[in-house]
Structures are given as C-alpha cells and as structure tokens.
Amino acid sequence: MDLHTWWAFFAASWLIALSPGSGAVLSISHGLRSGVRGASASIAGLQLGLVGITLIAGAGIGAVLVTSAAAFMVVKVLGAGYLMVLGWQQWNQAVSDGHSVWRDTTAAPSALSPRQRFLTGLFTNLTNPKGIVFMVAVLPQFIAPDRPLLTQLAILIATTVSIDVVVMHGYAFTGSRLAKWLSSAKAQRTQNRLFGGILMGMGLSLLLVRRSAN
C-alpha cells in the first residue's frame, strides 16, 4: 500500500469514526451508566464487529449482500430489529436515585455484565447494513488489485480500529463526565428516553437503506 493511499484512508477513518452513529450513541450511553472502564467492553465489541464488516466487504461477500435483494433484506431487518430492541430496553431501563448507585454498575438494578456489553457492541456493528454498504463502496478505493489482499486488509483494519477505539473512548469519557450532573432519577429517565429513542430511530432508519448494484 502506498503511503499517500494510507494517509487518505487515515483521514477517511477519522471522519467515519467521528460521524454520529449507533456506535457513538452506545459508547456515550454506556459511559454514562458504567464509566469509561465499563464502556470499554462495549467498545471492544464494536471493534470486533468493525473488523467483521471490513473483512466481509474486503472478501467480496459484502458485494453479494448489497446486490442480492434477499440477503440484503435479511441483514437490514436483523439490524433494524436489533437496534430497536436495544432502544426499547434503554427506554425502559430502571433508574436509581443517587449518583453513587448510578455509577456503580454492580449495584445498578439492570446493569449489563461486561460480556453483555461486549456482545451488544459486537452485534450493533455486525448487523448494521449501513456499515456494510459503506465499506463495500469505500474500501475498494484503497485496495490495489496487484498487491496482496490480506496484507492490505490487515493495514486498513489496524488503522480504522485504532482510530475508532480512540474516538469511541472519547465518547464514553464524555458520557462519564456528564454522569455526576445527571444522577437524579428524573435525569436518568430523561437519558434513557433520549438514547432509547435515538437507537429506535436509527433502527427505523435502517429500514430505509437501499441496496445498490453498482
């Protein structure tokens, strides 16, 4: 991979990571409830999901998903349904009065375990048809057909994951800093409605994503 191509992908990866999406919402939400350390499990799951959709796009499977109406519909419905379920769960998340309980995930009534947070992050990215469509459209522009595919994919994955880890932890840190000002039961309920509504809205928006045969 040429250095100028890598720099172009490096810049694109920052723009992709910083753009608001379900991963950002998840990182902020889990940062609010579990702090940066607790949200790290969610972010690790997001990264494995990102690796997954990058490999899918790079291996050409993504092109099949994008051009096959049936396959794309399955992925789209699963992704939309998953985000709407997450949003509904967030909307109905139990609240606790007092920031010490709010920040202590072991005492929170319905706190997710690290494994649950990891799986939530993983499936949030893996079932996102927008991510697959985007990778199928963008990734080929940074891959030279006359050079080893696996080496190039490894470089691209390492780059985008490293950047996304930094950005998602930044979102989680922002959420954790806000937690002490949003510790009352009323504020928690408002947060749950806000993030739950956003996730459900994102889920509905996925149903509008269209495949492309180009």
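## Buried residues

A residue counts as buried when its relative accessible area is under 20%, as exposed when over 50%, and as partly exposed in between (1.4 Å probe, protein chains only). This is a predicted model, in which local features need pLDDT of at least 70, side-chain atom pairs count only at pLDDT 80 or more, and totals for chains, interfaces and linings use all residues. Residues are numbered from 1 along each chain as its sequence is written, and side-chain values use heavy atoms, with hydrogens and water left out.

T54 has 2% relative accessibility, so T54 is buried. T54 belongs to helix α2. Across the chain, buried residues account for 45% of the 214 residues.

## The chain as a whole

The chain has 9 helices and 0 strands. Helices (H or I, at least four residues) and strands (E, at least two) are DSSP runs, numbered from the N terminus. Read from the N terminus, the order is α-α-α-α-α-α-α-α-α.

How many of the contacts between residues at least 6 apart in sequence join residues at least 24 apart? The share is 87%. Contact here means heavy atoms within 4.5 Å.

## Helix α2 against α7

Helix α2 covers residues 22-58, and helix α7 covers residues 129-138. Their axes lie 9 Å apart, and the packing angle is about 45°. Axes are lines fitted to C-alpha atoms, for helices over the stretch in contact, and angles run from 0 to 180 degrees between N-to-C directions. The two helices are therefore oblique to each other. Under 35 degrees is roughly parallel, over 145 roughly antiparallel, 65 to 115 roughly perpendicular, and the rest oblique.

The crossing of α2 past α7 is right-handed. That word applies if the near helix is turned clockwise from the far one by less than a right angle; anticlockwise gives left-handed. Which residues meet here? From α2 come L50, I53, T54 and A57; from α7 come G131, I132, M135 and V136. This contact of α2 with α7 has 6 nonpolar residues, 2 polar and no charged. Ala, Val, Leu, Ile, Met, Phe, Trp, Tyr, Cys and Pro count as nonpolar, Asp, Glu, Lys and Arg as charged, and the others, Gly among them, as polar.

T54 also has contacts beyond its neighbours within four places in sequence. They are M135, L139, L153 and I157.

## Helix α2 against α6

Helix α6 spans residues 114-126. The axes of α2 and α6 come within 6 Å and cross at roughly 50°. These helices are therefore oblique to each other. Their contact residues divide into 11 nonpolar, 12 polar and 1 charged. The crossing of α2 past α6 is right-handed.

## Two nonpolar cores

A nonpolar core is a set of buried Ala, Val, Leu, Ile, Met, Phe, Trp, Tyr and Cys residues joined through side-chain atoms within 4.5 Å. The largest one has 18 residues. Inside this core, the residues with the most contacts are I28, V167, M168, Y171, F195 and L199. At least two core residues come from each of α2, α4 (69-91), α8 (149-179) and α9 (185-206). Helix α2 gives the largest share, 8 residues. A second, separate core holds 16 residues, including L50, A57, I132 and L156.

L199 touches S22, V25, L83, M84, L86 and G87, leaving aside its neighbours within four places in sequence.

## Around Y171

Y171 sits in helix α8. Y171 is buried, at 18% relative accessible area. Setting aside its neighbours within four places in sequence, Y171 is in contact with A17, L18, A24, S27 and I28. How far apart in sequence are Y171 and V25? They are 146 residues apart, while their C-alpha atoms are 8.2 Å apart in space.

S27 lies in helix α2. Its relative accessible area is 1%, so S27 is buried. S27 touches A39, I43, L46, M168, Y171 and A172, not counting residues up to four places away in sequence.

G23 is in helix α2 too. Is G23 buried or exposed? G23 is buried, because its relative accessible area is 11%. Residues up to four places away not counted, G23 touches L46 and M168. G23 and L46 are 23 residues apart in sequence, and 6.9 Å apart from C-alpha to C-alpha.
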